[in-house]
Amino acid sequence: MLDLGPHALFIVVAYGVTFIAVGALALTTVEDDRQQRRKLAELERKGIRRRSAANPKPAAPAKKATAAKPSPANAKPTKLSPAMPPAKRKPGAARTRKPRA
Amino acid sequence: MISLANPTRFLSLVDRVVPWLTALTIILLATGLYLALFVAPPDYQQGETVRIMFIHVPAAWLAMFGYTVIAIAALGTLIWRHPLADVAAKTAAPIGATFTFVALVTGSLWGKPMWGTYWVWDARLTSMLVLFLLYLGLIALWQSIEEPGRAGRAAAILALVGTINIPIIKFSVDWWNTLHQPASVFRAGGSTIDVSLLTPLFVMAAGFTALFVLLHLIAMRAEILRRRVRALQQTQVERAALAEA
């Protein structure tokens, strides 16, 4: 048995409080994650999906389309619209703003 | 790094990293606890109460680390308005608050047998209490504003204002005459702690850090999913309204 000396109570309480506080934090975090996954799965089961999840499109043909049919949008590419109409962007990329260097 | 700024890619990375990080955290914490409770010798002055230091010191480091993460993320929110920066800041707050609470309580429990008191209003202890209150203020602010974007920007400003407290905590023991001892691990001239006590301290610190990162990643994933659920529920309501019209 571990001999913690005359101040054993202080040591045991310190470790106990840490275990309870960190354990409660870990449990609530993991449970929240599970709950959000369940809610998302429930909505998807009802047919309510994000646009990118509902219509996954391959992003590869973008270059070909640019070369074949130039349009005002791709004539002057910018950082935020790199020669690709917004509808043909990769899933998830449309809402993400590129951070400046 | 830029590719990880895409929430979908970030989620896929988290899914891959979490199992490995969980294993690493368990190994580090189990080893750290074994070294702290069964291997480390009693200190020549503190006796067995030195074992409280193996949780108090890493918790205090992570309390400051958590706030630094929030401050950096706040810059990301205000300058680039990136949604992941806001998510990172929001989810780091409860974790940082918990480690600050642990640092305050364990420090207090160490102080009673060593200093003869649970609490004194000296600069180090008071600035740590201010850090805890800042964390609570940030959490309350995020909870009180429903729209995540607005809440994120308001919290980012408060977080950046509160950053001034971090150097105050770090240098309080040098700037003022405090009951709390000065830095003894990271200091010019090397650590004043014997390697037999320093090893369990560093292993516990690594375990606590791994736990912080693990919980932060899981909490960020949950927050991203919460925002998706919220957006989908709004879509559901809009569709229902259109169908009725």
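When I say that two residues meet or are in contact, I mean that their C-beta atoms, placed from the backbone, lie within 7 Å. Keep in mind that this is a predicted model.

Start with the two chains. On chain A, 33 residues are in contact with 38 residues of chain B. The chain A side of that contact has 19 nonpolar, 7 polar and 7 charged residues.

Now one helix pair across it. Two packed helices are described by the angle between their axes and the distance between the axes. For α1(A) and α3(B), the axes come within 9 Å and cross at roughly 175 degrees. An angle over 145 counts as roughly antiparallel, so α1(A) is roughly antiparallel to α3(B).

Which residues meet there? From α1(A), they include A:F10, A:V13, A:V17 and A:L25; from α3(B), they include B:P94, B:F101, B:V105 and B:K112. By class, this helix contact has 14 nonpolar, 3 polar and 1 charged residues.

Next, the core. The largest nonpolar core has 71 residues, and B:A59, B:I70, B:A88 and B:A89 have the most contacts inside it. The largest share, 18 residues, comes from α7(B).

Last, what does B:A59 touch, leaving aside its neighbours within four places in sequence? B:A59 is in contact with B:F99, B:V102, B:A103, B:T106 and B:F208. Of these, B:V102 and B:T106 are also among the α3(B) residues that meet α1(A).

Notes: Residues numbered from 1 in each chain as written. Chains lettered and ligands numbered in written order. Predicted model: local features only at pLDDT ≥ 70, side-chain atom pairs only at ≥ 80, totals over all residues. Nonpolar A, V, L, I, M, F, W, Y, C, P; charged D, E, K, R; others polar. Core = buried A, V, L, I, M, F, W, Y, C linked by C-beta atoms within 7 Å. Buried ≥ 20, exposed ≤ 12 C-beta atoms within 10 Å, placed from the backbone. Helix = DSSP H or I, 4+ residues; strand = E, 2+ residues; numbered from the N terminus. Axes fitted to C-alpha atoms, helices over the stretch in contact; angles between N-to-C directions. Parallel < 35°, antiparallel > 145°, perpendicular 65-115°, else oblique.
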